[in-house]
Amino acid sequence: MTDDEVLAKLAATFPKADKAETQIKGILTLRAASGDDLVALARWLKDKLGFDYLDMITAVDHVAERKAFELVYCFTQLPAGQRVALKLETPDPGSVPSLTAVFPSADWQEREVFDLFGVRFQGHPDLRKILTPDFLEGHPLRKDYVHAKDRFD
Amino acid sequence: MPELLASPPLPSDRMFINLGPQHPSTHGVLRVGLTVEGEFIVKAEPDVGYLHRGIEKLCESRTYPQCVVLADRLDYVSAMTNELPFCLAAETLLGVEAPERAQDLRVIVCELNRIASHLLFFGTYGIDLGAFTPFLHAFREREMVLDLFEALCGGRLTYNYIRIGGVMKDLPEGWGDLCRRFLTHLGERLPEYDELLSFNPIFLDRTREVGLLDRRAAVSWGMTGPNLRASGVDYDLRKAAPYCGYGKVAFDTAVGKRGSCWDRYYCRVREMAQSARIVEQALGGLAAGPVMAKVPKVLKPPPGEAYAHVEASRGELGVYMVSDGGASPARVHVRAPSFLNLQVLGELLVGARIADVVAILGSVDIVLGECDR
Amino acid sequence: MILDERFWPDAVWKGRWSLPRYRNGALWIAGIALGAAALGAAVGEVGRFGSPAQHWIVRHCVAYGGLLGLAPGLTTSAGDLLWILVKTGLVITVVSASPVFLVWWERKISAHMQSRFGPMVCGGFHGWLQCVADGVKLLLKENITPDAADPWTHRLAPAVAVVPALLAFAPVSFGRELSAADLDVGTLYVFALAGVSVLGLMMAGWGSGNKYSLLGGLRSTAQMVSYELPRSFSVVPVLMFAGTLDLTGIVEAQADWWTLPLTGIAFLPRWFVFYPVVGQLAFAIFLIASVAETNRVPFDLPEAESELVSGFHTEYSGIKFSLFFMAEYAYVLLASCLAAAFFLGGGGAPLPWLTFLPSWWWFLAKVLVMVFLFMWFRWTFPRLRVDRLMDLNWKFLLPWCFANIAFAGLALMF
């Protein structure tokens, strides 16, 4: 289905969501209005439109400009390979509903975003650090992260 | 978290065993906490992060070409396929396209690297299950591929060959013939590997009924690459959304039926033969021309976002790059296939025997460098 | 230099006879085989020296004893005892020294099967001193007993594993009149002692105080106790045909040849492995069970490197580890000697005109072939999973053993 068809269906079901300002080049990027919409939108993409594969979850630090993190989700429709991206802005100490109920593969990716950025996910079964060592405090990928001297320095 | 370091309080008939981080078969530094009852596993918790080097953070303070150097170190077993999505993303941001000859060369080196990576998988999977000889045979062939790469760009493990805008340099004299000789040699060896390991009754016995993953589970757990295809999903990025020169070559995808360890293993063995086919065709249809497009010395792409993905040896490797107009990217995220493939272990290992852990873990074929970044 | 032809082996493999080093290697092997045959033919039957040597020792003991004024009965017994000690010493020396040779052979065979060279440097000629060097290294390593270990169990385990292997070589006849002890119940004695070694492995697993070792010890106990049954039962048809438990007697029962009907030319030796169905089946089962008993791949789950990090001998180093190592190779040698004795005719020559080569030479050749088979299996097959291993034993080997005994009974009737 073409991008315009997706947008049309989106306007019909989720009036508050629309195309994102900055499009990822080559991929239709939508913007969810709020966290409450996120799970419903993801479920709608999976069940109704057939984007049943969660490709990526990541976050971008825009705290300096907009005091918010921008979460980026990407869904694929197997086997055609068509993609749709979804963006969600969440304020700095914020939390977002977890997608693990809809897509089990969101589990570790959300843990990674929590570990590296500090964004909490409500409803996640086991939200704890995954990549950074246990003694590390803070969230390294934030732009305002200052490395505190630890026992290896 | 402290509770991961000590054994949790357990009822008396269960034992907590740590598989790793130092263990001959965990393919890198991985720790899997197994709660076993006798010989059967009741709970499995993979613990990653031992090899986390902060590559994504490092990229934010490096220029774009320097990021490509870091990309080599992700999946160090098949480094060329790591550089490619970085370069494709940067090229999308810049709005340049590599010349056709460079695209063909990229296809050749990526497929050769896929062969090398699958040879390593084949060898180490044999060792995990106790067959020592296939490992050395596979490394003999892998040595030839590494020799080819060394002649091409000077590196054996990390290459820095695929650059933003094209490739580093053209093929040296006689490289094509040497490559063809290697491909003929590989074609003769692959049936030997089948005879030695793939259809060995003991090997079949240990992998055929183990680690079954059906279509729905594979898709919902985010598996990609041979793991996904072994479960019956015919999704190969080189065919679904051809990039570089893949539109010009013809090849088959290896699709399994049941999603057992053997299916995942055999998909990779078949992929080696298909990769050889691709390289043969690409060598024959090599376009003439330059190998590097005109890119400015200091790369400052206009603000934007790009998400490039390739079919790497382990699955779908994606690089999401955000540029704010400066010489360094504002954010680079690597969507690592091993990271997502490893999640399925928590479900796949429950109910398996300790002896099967190694078989299942080996068949998922992870590289911790890519998983932990 | 990288694009040089010398570094790409496919040309080498296609034209290997054109390479001087390949031709030299083949000449060396042929030379060694012929030299060994010539040596064998020249030395002749060593067993004929047994009786005269015994008499010589007893005579001299009586003579010296007489000088000292001791009673003749005492000195004859002393002489006999001395002769037993000499034989024991010889057997123990040969069996203890053979792991050195076997380890070297294993490394070279595995290397050539894996298209590489193996040890080449140490000692000059194809690295034959490598294993001596490794042995010395092992002896010089620190002898650790972990804190969590049961000290005496941990220390005694290697001894309990090795000693039965050495003892079990007593009735094995290395040629004509070349057995250390001519026991009437040789077979029973050998299998009984092979069973004692299980205790050693169990002690190692338990006494190490380590979860992985415990798992390895339990697995090895289960495996070895189970596989003793097909091993012993597969030999029963041999005993039925030979009519005796004595190893020398079994070898003598195979010393004849089958002849072609009209011409009388001998074409096949009467080795038990050539008996129509019974022999092959028994040999196959004995071989599989022996590989399992000696904990070698494809049955080396107890010491599965990639899963349990060395299993029951994880916590052993230095001389205790080298004793386990030696025990494994001694058991491999024992299994090969038994296979040669039970099924391949012991010291008997394959064809009548080949008897100029003495019996000990033929026995050595057969044992080396069997050892080569053991090593070949190790580097070819993957490892069986523990429950499949047990299934193989109880559901496949043992029923076929019993069927084989029935076939042997039928064969004996006709």
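How many bridges join β6(B) to strand β7 (residues 315-323) of chain B? Nine bridges join the two strands, which run antiparallel.

This is a predicted model, in which local features need pLDDT of at least 70, side-chain atom pairs count only at pLDDT 80 or more, and totals for chains, interfaces and linings use all residues. Residues are numbered from 1 along each chain as its sequence is written, and chains are lettered from A and ligands numbered from 1 in the order in which they are written.

**View 1. Hairpin of β6(B) and β7(B).** Two residues lie between the strands of this hairpin. Strands (E, at least two residues) and helices (H or I, at least four) are DSSP runs, numbered from the N terminus; two strands pair if DSSP finds at least two bridges between them. B:Gly304 stands opposite B:Ser323 in β7(B). Of the nine residues of β6(B) (304-312), eight are buried (20 or more other C-beta atoms within 10 Å of the residue's own, C-beta atoms being placed from the backbone).

**View 2. Parallel pairing of β2(A) and β6(B).** Strand β2 (residues 24-25) of chain A pairs with β6(B) over two bridges. In β6(B), B:Glu305 is opposite A:Ile24, and B:Ala306 is opposite A:Lys25.

**View 3. Contacts of chain A with chain B.** Contacts (C-beta atoms, placed from the backbone, within 7 Å) link 31 residues of chain A with 32 residues of chain B. On the side of chain A that touches chain B, β2, β4 (53-62), β5 (68-77) and α4 (106-117) each supply at least two residues. The largest share, six residues, comes from β4(A).

Notes: Buried ≥ 20, exposed ≤ 12 C-beta atoms within 10 Å, placed from the backbone. Contact = placed C-beta atoms within 7 Å.
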